[in-house]
Each structure stands twice: as C-alpha cells, then as structure tokens.
Amino acid sequence: MHWAYKIAEELINKYPDKETFVCASGISPSGSIHIGNFREVITTYFVVKALRKLGKKTRFIFSWDDYDRFRKVPKNIDQSFEKHIGKPYSEIPDPYGCHGSYAEHFEKEFEKSLGIFGIEAEFIYQSKEYKSGRYNRYILHALRQRKEIYDMLMEFKTQESSDDDRNAFFPITLYCDDCGRDNIDSIRFDEENERIRYTCKCGNDRVLSVMNAKNIKLNWKIDWPMRWMVENVIFEPGGRDHSSATGSYNVSKEIARRVFNYREPDYVAYEFIGIKGSNVKMSSSSGNIITPNELLKIYLPEIILFIFSKYKPGAAFNIGLDEDVIRNYSEYERFKAKHLMGSLEDEGLSQSMELSEMDDENGTVPKFNQVAGILPLVNFDTQILKDVLNKIGEEYELNDVKKISDRVEYWIKNWYTEKMISLSTSKDTAYYETLDDVQKRWLADICIVIGNSQYLSSDELMKAIYDVCHDDDKKVKKNNQRVLFAMVYRLMLNSTSGPRLPLLIKVLGVEKTISLLDFNK
Ligand SMILES: [Zn+2]
C-alpha cells in the first residue's frame, strides 16, 4: 500500500468518530521556498488526498510562519537588509519591491507554484493571527506556566538547569514597540495584573498588557503545540532537523500534553532532497537553490508530483536535471499508459499515479524523449515539430506540443547542452573513408531503401533498414545494427545517437538525407 494511504488509514483507525481531519504543514518565508521545503507541503497534500479518497472530510492548513524573527540575510539578497535583523518577516520591506513585505514576496511566489500543481491549502499567516489577538490567552497561559515550561525544555538538554536561568526564562519573542526588533534587555512579568514590563536595547522602557499586545510571539517549541491545539491538528510532517530524539517534535509533544492539554498529532519525518545535474549544490544560505518553479520549467507538474509520491517521506532522493530527465519522463509515460489501461499491477505505484493526478489533466502530449531528439534539429520551432509528428501519424494540439517543447528547449539550453545536436551540413568524406567495404555497401543499400520509402510506414521502413545488415547469427546481426545506426547518426548529426530513423528522415526529407549518406554520387 502507498505510504500516504497507510498514514490515512492509521488516522482513521485512531479517530473513528472524527468529522473533519485537520492536517497541517508550515514554512517560514525566509527566502524562496526550495524543493526541499516543498516536501513539507507535498507530504501533507498526499495524506489529505488519501483521506479524501477514503471518504473523509479534511482541512488542509498551511501555516506561513511569517511572525518569526528574521535571522540572517540570504546571500542573494541585498546585504543592506542587515538592518532588519530581529524584526519579523512580515514587517520587513520586500527586497524586490513588488509586494507588501519580505514575507509576502516569498509567500506569493510559492503559493503561485502550488496553484500550478493544483494544490489548494488554507493559508494561515501567523503574523496576522498573532496581531489579531487570537492567541493572547494562550500566551498569557504560557507566561503563567513559564517555569514549568523551562523545566520541560531542560529535560531535553544536556546542560544543568539553574534557578537564575529559570527565573529569567520567558517562552516568548517580544518585538519592541519602538524599534520593531526583538532586542529585549529585560522582561518582568506582573502576573496579577497580566502585564509585562520590558526594556529594549534601543532605550525603550514600556509596560504592556499581555491580553492586548500584538507584538508578543510564543517561541517555536511552544508556538507549534499551541497551534496544534487551536486548529485541532491530527497530522503534520517535519524535516529531519525537527525529528531527532531531542528535536522540536518531541519537545513540542510534551508541551502540548502538559501545558495545552492536547494530544500531539501523528508525525512523519521527511528526508532531504538533492538535485543531480551539472554542478548544482543546493543550500538556502548560499541562495543557490532550486525552486519548484525551476523544476516546472523542465518537468510537467504531474511528473514532479509522481516523483515525490513514489518515495516514502523517510527516503532521501535526488531529482535529476541531467539525462535523468529523459529517464523520469519515459518511466512516467510508461506507467501512465499502463495506469490508463488499468494494467499497472503494483498497488503502490498505481496509488502513486492516483495521488499525482491533477484535476485538469493535460491533453495527450508527445513523448519527451522524442521531442528532445527532434527539437534542436528544427531550430526549436514548435509548429515544425508538430508537423513532423503529424507526418509519422501522431496528432496533437499545438498547445499540448508546446507543454513539452517549451520544457525540452529550456532543459537543453540550460541544463543539458549535450542534446544540442544539429544536422551535418555536408558529406563527411574523411569519415566515410575509414569504413570497410561491407559498411560502405550497407550505406549504398540504405540510400536505395530511403529513396523508396515514401509509401512505407515507420515500422516497414525500420524493417527494411534492418534487412540491409541482416545476418543469420543473432549476435552478429545485433552488432551489425549497432554499427549501422552509429554510422548513420555520425554522418547525419555528427553524434552517436539520435531520434528514430523514420522520424529523422521525415524531419530532413528524403533528398537531404540521401545527400548526406550517398557517397557514390
Ligand atoms: Zn527597541
């Protein structure tokens, strides 16, 4: 059974009477959301989809943790943003100047990508929630319990606790009313009057009513379980960094039970994702990241979904931007064809297919590998490509051809220039002279076959070409074919491989093909 269905079934068994299954995920908008973070959302998405397919009502909430503190300026962002360190992401200007805030820029960018995948979640912006006062009574509760919370946190730490630390501990981030940063020097809590008095490094000295404050945020390990309780979350995944024995999940689980009287949601840890391709190394801090948007320039959304769905969250994997692109497309095309025929026997794979299906399915699109073989030869002209495909009996809407050809073009030009093959412009006589007499005879014969090919189907033409180098010994025959095709591709494309010959001949035309292969004229 597929991992998402397994999780869904466990949830249904655990909560047989639950009316709505609330599943969550969340990300801090600290920069562009890369495909590693994407796994956070997609893991929940698949579980939600499985629950729905099992007939359950769900709520899929996605929390933008944009009231978190801006810690570090990413390398690809203007270093003058240093001056905003310590403020929440929601209160910093957009470095690109197009959105209301730093947070909003990256939020909208990612929400747009999610839309392309057909992923619909209920976005919750934590800056809004915190400022709305919705959490204030829980903040007050956590402040009252601060010493117990300190003890709970210390259970997960190796260092000794001390009374001084315990007394000075506040489970909150407080953004100064004057300078907007969390540069707080001292806090005192007047429990009876539910007030806080703080001093800030900027000189501000102020008294706040906890129930009316809009600038207090619970710290992560208290914030997370508080929101589980508020939203009634029963499932949420987390990255490996949150998942160790002393990581946030286990700490938050204790806080949930002992401070908020809430049983923690089921949890699954997901592994990192790598990119395989020419010299890519992904890391957020270097600003060198692959976003879902970049992947969408190469892969159809349903294929990205399928790749993510195929791997259990606990398995790390690489997404290839090199020759793997062809392998991934071909595999998907094969499974998809079987799935449509109802003959995909592996249950997990078949469910992976279901989970990665999009609501507005594409029309029939041409095979990626085939397009990659032709497109450079027709100067990346989609209309010519469509006509060529039509000549070999494949009919597509121009729009559907474009879905693949745009991706092939982007991939070849940016990630895999090895595929940038072009037609030979003249006969390669020097190469021809290196061939032996038998090979030269094959070439002469093949020119005759091609010259008479206009009434042959692709399969008939292939058979006629194979007949040219026939041998009764199977092994010899196979080798002959290999040599013959290598010769032809070499002479036509100056390459060791190329598209299927009938297709290549359609692209070039019979006359031009013969002019490159016939050395007897
Ligand atoms: Zn201040």
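**Entry 1: ground rules.** Before looking at the sheet, I noted that two strands are said to pair if DSSP finds at least two bridges between them, and that strands are DSSP runs of E with at least two residues, helices runs of H or I with at least four, both numbered from the N terminus. The model is a predicted one, in which local features need pLDDT of at least 70 and side-chain atom pairs count only at pLDDT 80 or more, while totals for chains, interfaces and linings use all residues. Residues are numbered from 1 along each chain as its sequence is written, and side-chain values use heavy atoms, with hydrogens and water left out.

**Entry 2: strand β6 and its partners.** I looked up strand β7 (residues 205-209) and found that it runs antiparallel to β6, joined to β6 by 5 bridges; across this pair, Tyr198 stands opposite Arg206 in β7. The hairpin of β6 and β7 has 4 residues between the strands, and Gly203 there takes a positive phi near 110 degrees. On the other pairing, β6 and strand β5 (residues 184-190) are also antiparallel, over 6 bridges, with Phe189 opposite Ile196 in β6. β5 and β6 form a hairpin too, with 4 residues between them, and Glu194 in its turn has a positive phi of about 55 degrees.

**Entry 3: the zinc ion.** Which residues coordinate the zinc ion? I found Cys176, Cys179, Cys200 and Cys202, each through its SG atom, at 2.2 to 2.3 Å, where a donor is an N, O or S atom within 2.8 Å of the metal (3.2 Å for Na, K and Ca), and sites may look incomplete because water is not among the atoms. In sequence these donor residues are spaced C-x2-C-x20-C-x1-C. The angles among the 4 donor atoms are 104 to 118 degrees, and the site is tetrahedral, which for four donors requires all angles to lie between 85 and 135 degrees. For comparison, I wrote down that the ideal angle for four tetrahedral donors is 109.5 degrees. Cys200 counts as buried because its relative accessible area is 5%, while Cys202, at 43%, is partly exposed.

**Entry 4: the largest cavity.** I searched for cavities, meaning sets of points on a 1 Å grid over the protein atoms alone where a 1.4 Å probe fits but cannot get out, with lining residues having an atom within 4 Å of a point. The count comes to 1 cavity of 30 Å³ or more, and about 80 Å³ of space lies in the largest cavity, volume being the space filled by probe spheres set on grid points joined across faces, edges and corners. Its lining includes Ala24, Trp224, Arg227 and Glu236, and α8 gives the most, with 4 residues.

**Entry 5: a pair across the sequence.** Last, I looked up Ala269, which lies in strand β10 (residues 266-270) and is partly exposed at 30% relative accessibility. Ala269 and Gly314 are 45 residues apart in sequence, and their C-alpha atoms are 6.2 Å apart in space.

How values were computed
Four donors count as tetrahedral if all angles lie between 85 and 135 degrees; four count as square planar and six as octahedral if opposite donors are over 155 degrees apart and all others between 65 and 115; anything else is irregular. Buried means under 20% relative accessible area, exposed over 50%, partly exposed in between (1.4 Å probe, protein chains only). On a 1 Å grid over the protein atoms alone, a cavity is a set of points where a 1.4 Å probe fits but cannot get out, and a pocket is an open set with protein on both sides within 12 Å along at least five of seven lines; lining residues have an atom within 4 Å of a point.
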